[in-house]
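Have the chain open and follow along.

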Amino acid sequence: MKPDADSTTRLLTWEQVAAFVKSARSAGRRIVFTNGVFDLLHPGHVRYLQHARSLGDLLIVGLNADASVSRNKGPQRPITPEAERAEVLAGLDCVDAVVIFAEDTPADIVRLVQPDVLVKGADWPTDQVVGRDTVEARGGRVVLVPVEQGHSTSAIVERIRSGR
């Protein structure tokens with residue numbers, strides 16, 4: 001059900017992701033959605049995405065646009081531009097599609113995708129998961145995936161800055 005093996009074709013516009021979801025849903029596929037910055041991809045990210053993908057038939061990743069990342073994480077972020085972050089994510093076998101969103105939260109893209117399963121890291125309190133209301137209103141569920149200890153973009157940045 002992947003749009004194509006070429007990672008650049010897995011990067012979808014909002015219109016394309018809507019069509020992709022419609023096709024997948026009509027085929028009876030369970031749609032999983034997660035979102036994030038994925039600035040410096042590390043093993044924790046990969047394990048998280050693999051876990052998310054195991055919860056359904058296909059995984060759509062909402063990726064914060066550069067401006068959204070800067071507003072949420074500060075002017076020094078992102079380190080990697082959105083086009084490169086999207087290409088890396090789309091190159092992972094566990095990711096079926098990537099869609100970039102410019103808003104500060106994924107609320108609008110979650111409303112568009114209407115996933116069966118919404119996945120976030122377990123460091124998020126369930127009642128603060130953006131899109132939870134949308135997903136649960138249509139009978140879907142929110143799954144909190146354990147966060148891999150010792151893996152974080154912030155820790156990588158700190159190691160680089162400290163010269164370790």
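## Ground rules

A contact here means heavy atoms within 4.5 Å. This is a predicted model, where local features need pLDDT of at least 70, side-chain atom pairs count only at pLDDT 80 or more, and totals for chains, interfaces and linings use all residues. Residues are numbered from 1 along each chain as its sequence is written, and side-chain values use heavy atoms, with hydrogens and water left out.

## Leu11 and its neighbours

Start with Leu11, which sits in strand β1 (residues 11-12); helices (H or I, at least four residues) and strands (E, at least two) are DSSP runs, numbered from the N terminus. Leaving aside residues up to four places away in sequence, Leu11 touches Gln16, Ala86, Val98 and Ile100. Val61 is 50 residues from Leu11 along the chain, and their C-alpha atoms are 9.6 Å apart.

How accessible is Leu11? Leu11 counts as partly exposed because its relative accessibility is 32%; buried means under 20% relative accessible area, exposed over 50%, and partly exposed in between (1.4 Å probe, protein chains only).

## Helix α1, one side in, one side out

Helix α1 (residues 14-26) has 13 residues and spans 18 Å from first C-alpha to last, close to the 18 Å expected at 1.5 Å a residue (the expected span is 1.5 Å times one less than the number of residues). Its buried residues are Val17, Phe20, Val21 and Ala24. They cover an arc of only 100 degrees around the axis, so they end up on the same side of α1; the arc is that of the directions from the helix axis to the C-beta atoms.

On the face turned away from the buried side you'll find the exposed residues Glu15, Lys22 and Ser26. Just after α1, Gly28 takes a positive phi of about 80 degrees.

## Arg77 in its loop

Arg77 belongs to the loop between α3 (66-73) and α4 (82-90). With a relative accessible area of 13%, Arg77 is buried. Its side chain makes a polar contact with the side chain of Asp39 at 2.8 Å; such a contact is a pair of N or O atoms within 3.5 Å, and within protein one must be able to donate a hydrogen and the other to accept it, while residues adjacent in sequence count only if both atoms are side-chain atoms.
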